[in-house]
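Please look over the sequence and the model shown here before reading on.

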Amino acid sequence: MKVLHNNVLVLPDPAPEKLGALYVPENAQDSTSTLTGTISEVGPGFAGKAREMQGLRKGMRILYSRPSSRPLELDGVEYHMMSAGEILAEVPEGEKDAE
């Protein structure tokens with residue numbers, strides 16, 4: 001798939017089943033408002049405005065808002081598509097998911 005304009009395709013991290021010693025029920029796993037994931041593809045940006053895509057790269061772990069992403073399935077795998085401006089932060093390597 002070729003991502004167009006200022007869009008980003010993200011492979012979401014699996015929802016945590018446990019937080020500390022507590023088990024997280026499935027219905028609570030789906031209600032998290034922010035998610036982490038790994039960028040799979042980055043669009044080129046709009047003509048003349050490629051600056052908005054600067055710093056985004058394939059393989060980067062990010063924090064994003066669930067309401068801003070659109071889920072889609074490719075080859076049996078669920079991805080989220082969003083515009084680059086909807087990315088909230090980069091998650092540094094080795095850092096656990098935001099809770």
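Predicted model: local features only at pLDDT ≥ 70, side-chain atom pairs only at ≥ 80, totals over all residues.

Six strands make up an open sheet, in which the order is β6-β7-β1-β4-β5-β8 and the pairing is antiparallel. The edges of this sheet are formed by β6 (70-74) and β8, each of which pairs on one side only. On average, and with direction ignored, neighbouring strands of the sheet are turned by 45° against each other.

Within the sheet, β4 and β5 run antiparallel and are joined by five bridges. Where these strands face one another, Thr36 stands opposite Leu63 in β5.

Side chains of opposite charge can pair when their charged atoms come close. In this model the count comes to three salt bridges, and the pairs are taken one by one below.

In the salt bridge between Asp13 and Arg61, the closest N and O atoms are 2.4 Å apart. Because Asp13 belongs to the loop between β1 (7-12) and β2 (18-19), while Arg61 belongs to strand β5 (residues 61-65), this pair ties together parts of the chain that are 48 residues apart in sequence. Asp13 is partly exposed, with a relative accessible area of 22%, and Arg61 is also partly exposed, with a value of 21%.

## Lys58 and Glu41

A salt bridge also links Lys58 with Glu41, and here the closest N and O atoms are 3.2 Å apart. Lys58 sits in the loop between β4 (34-42) and β5, whereas Glu41 sits in strand β4 itself, so the contact ties together parts that are 17 residues apart in sequence.

The two partners fall into separate classes of accessibility: Lys58 has a relative accessible area of 60% and is exposed, whereas Glu41, with 27%, is partly exposed. Lys58 counts as exposed because its value is over the 50% cut-off.

## Glu90 and Arg57

The side chains of Glu90 and Arg57 form a salt bridge as well, with a distance of 3.3 Å from N to O. This pair links distant parts of the chain, since Glu90 is in strand β8 (residues 87-90) and Arg57 is in the loop between β4 and β5, 33 residues apart.

How values were computed: Residues numbered from 1 in each chain as written. Heavy atoms only, no water. Salt bridge = Lys/Arg side-chain N within 4 Å of Asp/Glu carboxyl O. Helix = DSSP H or I, 4+ residues; strand = E, 2+ residues; numbered from the N terminus. Buried < 20%, exposed > 50% of the residue type's maximum accessible area, 1.4 Å probe, protein only. Pairing = 2+ DSSP bridges. Axes fitted to C-alpha atoms, helices over the stretch in contact; angles between N-to-C directions.
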